[in-house]
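The entries below follow the order in which I worked.

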Amino acid sequence: MATTTLPVEVEKKIHEQEALITGAEAIAIACKLANVDVVTAYPIRPYDTVMQYISQLVADGEMDCEYIVAEGEHSQFEIVKHASICGARVFCGSSGVGWMYAMEALTVSPALRVPMVCMVGNRALDDPGAFGVEHNDALAVRDLGWLLTWVDNAQEALDTALIAYRVAEDRRMLVPLAISCDGAFLTHSQALVRIPAAEQVKQFLPRYDRGDLLLHPDNVISVAPQANEDWVMEIRRQNYAVTERACSVIREVYADFGRTFGRKYGNPFFEEYLTEDAEVVLLGMGTLSTRVRVAVRKLREQGKKVGFVRLRWFRPFAGPEIAKCLERFKAVGVIDRDFSFGSPNLSGVVATEVRSAMYTGASTRPPVLGFICGLGGREVTVHDVEKMTDIVFEAAKGVTQPLTQWIGLRG
Amino acid sequence: MCHATHDLKAGKENIMSTTFVDEKPTQNLEAFKGVKKVPHEEYYTSGHRTCQACESAQIMKLMAKAAGPRTIVLGATGCMYVANTSYYSTPWGVPWMHTQLGSAGSGALGVAAALRVQMRKGAMKDEPINVIAFCGDGGGADMGLNAISATLTHPDYNLLILMYDNESYANTDIQISGTSPYGANTSFSTPGKVKRIMHHRWKKNVAPLMIAGHPTCKYVGTISTSYPLQAMNNIRKALSIGGPTFIHCLNPCPKGWDFDPVLSFELGELAVNTGIWPLYEVENGNLHLYGKTKDIANGRFKRLPVRDYLLKQGRFAHFVEDDIEYFQSKIDEMWTKWLVPGVIPLQKEVEADDPPAR
């Protein structure tokens, strides 16, 4: 009997598996597939389930890595920082104030050109203590040279983790990257996820090669000697150059991801939902998109032409593209699951960035309203979304609205 | 590699194989048998800008020489970072990296882990590479203490944390650290019109803290740059014994202690001969006092009065007779009351501490 070669698409299906897993587990599996070398753990909810899964993978012999439990987040991030400079592919993560405890290590990593990939299980910052999601933890590093992405479901978490290593370790980049997953809503929620075959991942993700920046006796270099006013500005400019290149590298890697795994994400930077004929749109990051989509469908049944833009990458912030996308609507409402006290218009971080992008990149500038919503893990309900949409429609009609409003607030 | 197999008493079946500690071989550096046997090659050379008679730079140089070319050095923030590695004029002949102030322990762990896993996976040539984190007393005894402590509990990784101790934050303008001696005049403890003694705390006893707290750590020791051959050989031993190790080195600092640079070497000797700075190693749990310290403990050498040491330094110039006596009484206590004289400050009977100034 003659053997026939199966089409590539069919081959992929054979080796791909499907499993009901959480967002954290999806990222743990991505780490296994990426053959990560050094993983550091420290407990804080809700990110830490990813480390529980990795610990199990190591114990079961499914993953070969140095799995180190640190004595605090500062050490957790410092360990992987140093390991990465010595050529190891690394993974770590944190949440809320744990992420802030690591801040010194987070600060120095972009300038050291460390491609560490981290998971942030977004959590409200203390005080008061709260487990629920808020985006201020990851956003705290937004000016330092980190790449920041927000994912919305477990499949995207797994895919983005693979993409993250390709982007971060690209010789043109070599900067740290944080994958933000909304605490509880994504870290602990299960969904059916397609897990690619190890061979496919190997093809997509070559071994991390630090080249002449490797700290090793065969490559005698001094890393980060003291430089003052004579050179610091030039060194900062090199990090700036990375951010200039970031969008094109990310676009390239998403295209290759689509070719390799057959799952195409379209525009990597943001996802549009029912925007084609929309008069107004809402914009937000992370898992709130589920509720927004439900609300948008409901509102459309009532004849209200509203759409939704989910921002996937916050750093780099695809300013010109976002401005071009948003300029065509009559009004825009930005839902911030964060705060930026004392900022212009007292808005959240995302609204402030969107307005900044619109000011220079848009030919017409519709009103951009800021909504602070869903803090501390409070749900962004369908009712909240309806309320925000109504406010945005009022603005579209020309009725002046406050630039920042808190939605879903008691009392 | 140490494999242990568990037998089930009932079925006598091998149910699983467990790897406890996966030890990697070290370079096994033998002691230099005399000064003339020490190699000429330097791995910490010109290009730095440390002070005249800087003993901290001296131990860094000896450390690099003792470790040799197959070494990675991490330098925690401190005077030995800022004064040593200026952009475009690095003095390092081995790979070197700046490490944050509190990261000597975590940094060394990260490097050792990266080397081990890449060698295991065949991504890097399999060979023993020395990993040394060099930190100051601020980085080691204050800010980085928890990271060093955690690292000393990891038996799988071969590394050395060398803490140079010039008893102050000497980079930032000489401020009190956890190892500054009682009463020292620093820029955070200058004597005033009302308070003569602004620094009341006794120096942290760092090496015994590491010994007592980390039972699986195979080597902890103290050294002094005034005994360079011994210092190099102890460093070589710490790098060869396997697992994480810790060395505490006292380094007289002309700028911070306020003395004529010509006295650097002599002050290092005086610190030992007065009993203020005991020299010892703890190797696999066994304590060996060495040098003059051993003679002091055996009663073969009578400790010199601390006055000889203190009055050569401007940082103690404000001391009155009571202060010197108090300082002497605390050193006497180390040698007469401590359960392990000079090392472990447990006492059978505790007496009231009565310093002359508050």
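**Entry 1: chain B as a whole**

How many helices and strands are there in chain B? I was working with a predicted model, and I counted 12 helices and 12 strands in chain B.

I next looked up the dimensions. The C-alpha trace of chain B spans about 75 × 60 × 40 Å along its principal axes. The radius of gyration of chain B is 22 Å, which agrees with the value near 21 Å that a compact globule of 358 residues would have.

I then turned to burial and contacts. Of the 358 residues in chain B, 49% are buried. Among contacts in chain B with a separation of 6 or more, 68% are between residues 24 or more positions apart.

**Entry 2: a sheet in chain A**

In what order do the six strands of the open sheet in chain A stand? I noted the order β10-β12-β11-β14-β15-β16, with mixed pairing. At the edges are β10 (270–273) and β16 (404–407) of chain A; each has a single partner strand, so one side of each has no neighbour in the sheet. From one strand to the next, the twist averages 25°.

I reminded myself that strands of a sheet pair through backbone hydrogen bonds, either parallel or antiparallel. I took one pair as an example. Strand β11 (residues 280–284) and strand β12 (residues 306–311) of chain A run parallel and are joined by five bridges. Gly284(A) has Arg310(A) in β12(A) as its bridge partner.

Which helix packs on this sheet? I found helix α13 (residues 349–361) of chain A there, touching β11, β12, β14 (331–336) and β15 (368–373) of chain A. The direction of α13 makes about 145° with that of β14(A).

**Entry 3: where the chains meet**

How many residues of chain B are in contact with chain A? I recorded 39 residues of chain B in contact with 38 residues of chain A. On the chain B side, two or more residues each come from β3 (71–76), α2 (79–82), β4 (96–99), α3 (104–120) and α5 (145–151). The largest share, 12 residues, comes from α3(B). By class, this side of chain B has 21 nonpolar, 15 polar and three charged residues.

Finally, I looked for strand pairing across the two chains. Strand β9 (residues 222–223) of chain A runs parallel to β4(B), and two bridges join them. Within β4(B), Trp96(B) is the bridge partner of Ser222(A).

How values were computed. Residues numbered from 1 in each chain as written. Chains lettered and ligands numbered in written order. Predicted model: local features only at pLDDT ≥ 70, side-chain atom pairs only at ≥ 80, totals over all residues. Helix = DSSP H or I, 4+ residues; strand = E, 2+ residues; numbered from the N terminus. Rg over C-alpha atoms; globule rule 2.2 N^0.38 Å. Buried ≥ 20, exposed ≤ 12 C-beta atoms within 10 Å, placed from the backbone. Contact = placed C-beta atoms within 7 Å. Pairing = 2+ DSSP bridges. Axes fitted to C-alpha atoms, helices over the stretch in contact; angles between N-to-C directions. Nonpolar A, V, L, I, M, F, W, Y, C, P; charged D, E, K, R; others polar.
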